[in-house]
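Me: I am new to this structure. Please show me how to read a few of its features.

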Amino acid sequence: MTNNRPCRCELKFRKLRDTEDIEKYLRAFEHVAQSNEWPKPSWSARLAPELTGKAFEAYANLSLAEAKDYDTLKKVILIKYEITAEAFRNNELLKRQGCNLTTGFTQHTSHCQSTGILRA
């Protein structure tokens with residue numbers, strides 16, 4: 001007899017590593033939260049125990065009301081890591097043009113410079 005019901009197991013999320021790309025970490029957290037169908041108001045409470053370093057400092061400096069709001073928490077974490085909206089948009093634009101600044105930077109730099117996407 002086969003059980004065709006979907007798995008109702010809950011995915012766990014892990015602690016942030018000091019050397020980790022914070023944007024990728026938060027994106028992965030959001031994927032886990034959505035896969036588990038966690039209500040968005042619970043996201044900050046689920047993420048907070050996994051934060052370390054700069055991200056934990058950003059969280060600890062928030063008021064209780066601010067800390068409960070995931071979008072606010074994410075914003076202050078990105079600010080703490082000095083990731084601005086402009087830098088994020090520029091990085092996304094470069095990725096769409098085939099220039100990934102987080103992996104293989106040297107490999108893509110000459111291509112990005114030769115096509116005028118990135119100036120030397």
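Me: Over which residues does pLDDT stay under 50?

Reply: pLDDT is the predictor's confidence in each residue, from 0 to 100. Where it is low, the predicted coordinates should not be read in detail. Here it stays under 50 over residues 101–120. The model still has 24 contacts (heavy atoms within 4.5 Å) for that stretch, beyond four places in sequence. The chain's mean pLDDT is 77, and 60% of its residues reach 70 or more.

Me: What should I know about the source?

Reply: This is a predicted model: local features need pLDDT of at least 70, side-chain atom pairs count only at 80 or more, and totals for chains, interfaces and linings use all residues. Residues are numbered from 1 along each chain as its sequence is written, and side-chain values use heavy atoms, leaving out hydrogens and water.

Me: How many residues are in the largest nonpolar core?

Reply: In soluble globular proteins, nonpolar side chains tend to be buried together. A nonpolar core is a set of buried Ala, Val, Leu, Ile, Met, Phe, Trp, Tyr and Cys residues joined through side-chain atoms within 4.5 Å. The largest one here has 22 residues. Helix α1 (a DSSP run of H or I, at least four residues) gives the most, with six.

Me: Is Y70 buried or exposed?

Reply: Buried means under 20% relative accessible area, exposed over 50%, partly exposed in between (1.4 Å probe, protein chains only). Y70 counts as buried because its relative accessibility is 2%. Y70 lies in helix α5. Beyond four places in sequence, Y70 touches L26, F29 and W43, among others.

Technical notes: Helices (H or I, at least four residues) and strands (E, at least two) are DSSP runs, numbered from the N terminus.
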